[in-house]
Amino acid sequence: MSNTPGTAETLPDPRRWKALVFIALAQLTVVLDATIVNIALPSAQRDLGISDGNRQWVITAYALAFGGLLLFGGRLADLWGRKRAFVVGLLGFAAASALGGAATGEATLLASRALQGVFGALLAPAALSLLAVTFTEARERAKAFGIYGAIAGGGGAVGLILGGFLTEYLDWRWTFYVNVPFAIVAATGAHLLVREPAGGRNRSPLDVPGVALSTLGLVALVYGFTRAESHGWTETGTVAVLVAAVGLLASFVAVESSVRHPLLPLRVVTDRNRAGVYLSLGLAVIAMFGLFLFLTYYLQVVKGYSPLKTGFAFLPMVVGMVTGSTQIGTRLMVRVPPRLLMAPGFLTAATGMLLLTRLEVGTSYAGLILPAQLLLGLGMGTAFMPAMALATHGVQPRDAGVASAMVNTSQQVGGAIGTALLNTVAASATTAYLAAHAASATSPQAQRLVRLEAMVEGYTSAVWWAVGILVAAASIALALVNTGRPGSAPRGAVKGGAPGDEVPAPVPAH
């Protein structure tokens, strides 16, 4: 790190490790919310009288607002300042969560979920970009992103445990209320401890056409995949929405390449290393959603686990992720190039996923599911940590917010694709199995067994796709991510930049 002696702005912030606690807590709040509400949905639906046709909007309202506004949220963080965006995002998220917990009807609950998505889209990129500009020395950066990567990867599973506990022993409303103290503590800590480096804001005029096209395009894309899950891929409405999404996003790229102050400078995504990270992370999240979705159904429906027991059944994966991120990834990141962590990590996760293709109705948890989860967690934790760090490394400070937003966008779009694609695969396989075997089941017991076997056939068929997707993620990481290890023969800071702009070398020309 190229500090100028005596320049206060370039010295590491002595409170940075305390600040990391509150940045990590905020990230945990956002990640938890992605799964904690899923566990509570049946209870909330029953309590508020939400119809089966509308219940999906409890999830979709959040996904559309969050996914559609991420780039805008990242740009606002660059414009306002990341600390301010971070605190506003946290307090807004807390207020929206309180509204959801107090909801007395369907409309209020859906409005609260949309507001959670709006403030989450401001909070998530602000958190990651704060981390990027606060930790600039290679070893410290590795440790900080190790913690962040473990939370980003394992928080969803923790959400299942917490959601199961709150729903089973308290009330579904607490899956909303629990966000309030987390957010208030994180906002208070950030206000007192987070210090944003000077000179890192992007005060250029807001690219209004870019905001409109990116928001509409991403909303259409996420909604198109969500609609495909319930209405089918060839349904006229689904096709129209997906075609509109492609048109809007193509127009967005055209506008960004021609305007003077783009919302998303194309230099952020045309860098081959960052492009490799965005693509491989998006693919990995597709596979992860397959795991959470189908393993949750398998444990609850086929094995008869309670929501709380199901949450605890995911603990081995959380342990694996924390170990892979903080022990393997952090220790090796300063010694080997990122691709030699990302690719083996994704392949290790693919091996764990491969074990799950052997699921049967009577499969032993300890004999198959536990080792599969450990491998998945170790692999994902090892891969996510350098990927998160590399996604924002080398960007100019004024681009840190939108670069961070692209990480979240790739994961959000990957989650939408994963849910729709893998659900479709599972449903087709289940239907085919039932058609082939239902006639032979004459007794009620035999019919129930065939139904369970059909479900498992659907899950394993989808998991095979997830294996292939993880192998593709590993291949992309190997092919595109070609930067050297952090701190190896650094070329120095980006011209005109600030601390945190150092670019690791050697990086082949591209």
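Trainee: By class, how many nonpolar, polar and charged residues does the lining of the second largest pocket have?
Mentor: This is a predicted model, in which local features need pLDDT of at least 70 and side-chain atom pairs count only at pLDDT 80 or more, while totals for chains, interfaces and linings use all residues. Residues are numbered from 1 along each chain as its sequence is written, and side-chain values use heavy atoms, with hydrogens and water left out. Ala, Val, Leu, Ile, Met, Phe, Trp, Tyr, Cys and Pro count as nonpolar, Asp, Glu, Lys and Arg as charged, and the others, Gly among them, as polar. On that division, the lining has 17 nonpolar, five polar and no charged residues.

Trainee: Which residues of that lining lie nearest the centre of the second largest pocket?
Mentor: A pocket is an open set of points on a 1 Å grid over the protein atoms alone, where a 1.4 Å probe fits, with protein on both sides within 12 Å along at least five of seven lines, and lining residues have an atom within 4 Å of a point. The second largest pocket has a volume of about 520 Å³, a volume being the space filled by probe spheres set on the points, which are joined across faces, edges and corners. Helices 8, 9, 10, 11 and 16 each supply at least two residues of the lining (helices are DSSP runs of H or I, at least four residues, numbered from the N terminus). Of the 22 lining residues, those nearest the centre are Y278, L279, M406, T409 and S410.

Trainee: How many of the residues of helix 16 are buried?
Mentor: Helix 16 covers residues 400-437, and its first and last C-alpha atoms are 55 Å apart, close to the expected 56 Å (1.5 Å times one less than its number of residues). Buried means under 20% relative accessible area, exposed over 50%, and partly exposed in between, with a 1.4 Å probe and protein chains only. Helix 16 is largely enclosed by the rest of the structure, because its buried residues number 27 of 38.

Trainee: On which residue is the kink in helix 13 centred?
Mentor: The end C-alpha atoms of helix 13 (residues 315-333) are 25 Å apart, which agrees with the 27 Å that its 19 residues should span. A bend is the angle between axes fitted to the seven residues ending at a residue and the seven starting there. The buried residues of helix 13 include M321, G324 and S325, and the kink, of about 30°, is centred on G324.

Trainee: What distance separates the C-alpha atoms of L376 and G324?
Mentor: L376 belongs to helix 15 (residues 365-392), and it counts as buried because its relative accessible area is 0%. Along the chain L376 and G324 are 52 residues apart, while their C-alpha atoms are separated by 9.8 Å.

Trainee: With which residue does R173 meet in a salt bridge?
Mentor: A salt bridge is a side-chain nitrogen of Lys or Arg within 4 Å of a carboxyl oxygen of Asp or Glu, and the count comes to three. R173 lies in the loop between helix 5 and helix 6, and its partner, 126 residues away, is in helix 1. At 3.7 Å, N to O, R173 meets D47.

Trainee: Is D78, which meets R82 in a salt bridge, buried or exposed?
Mentor: The side chains of D78 and R82 come to 3.0 Å, N to O. R82 has a relative accessible area of 1% and is therefore buried. D78 is at 1% relative accessibility, so it counts as buried.
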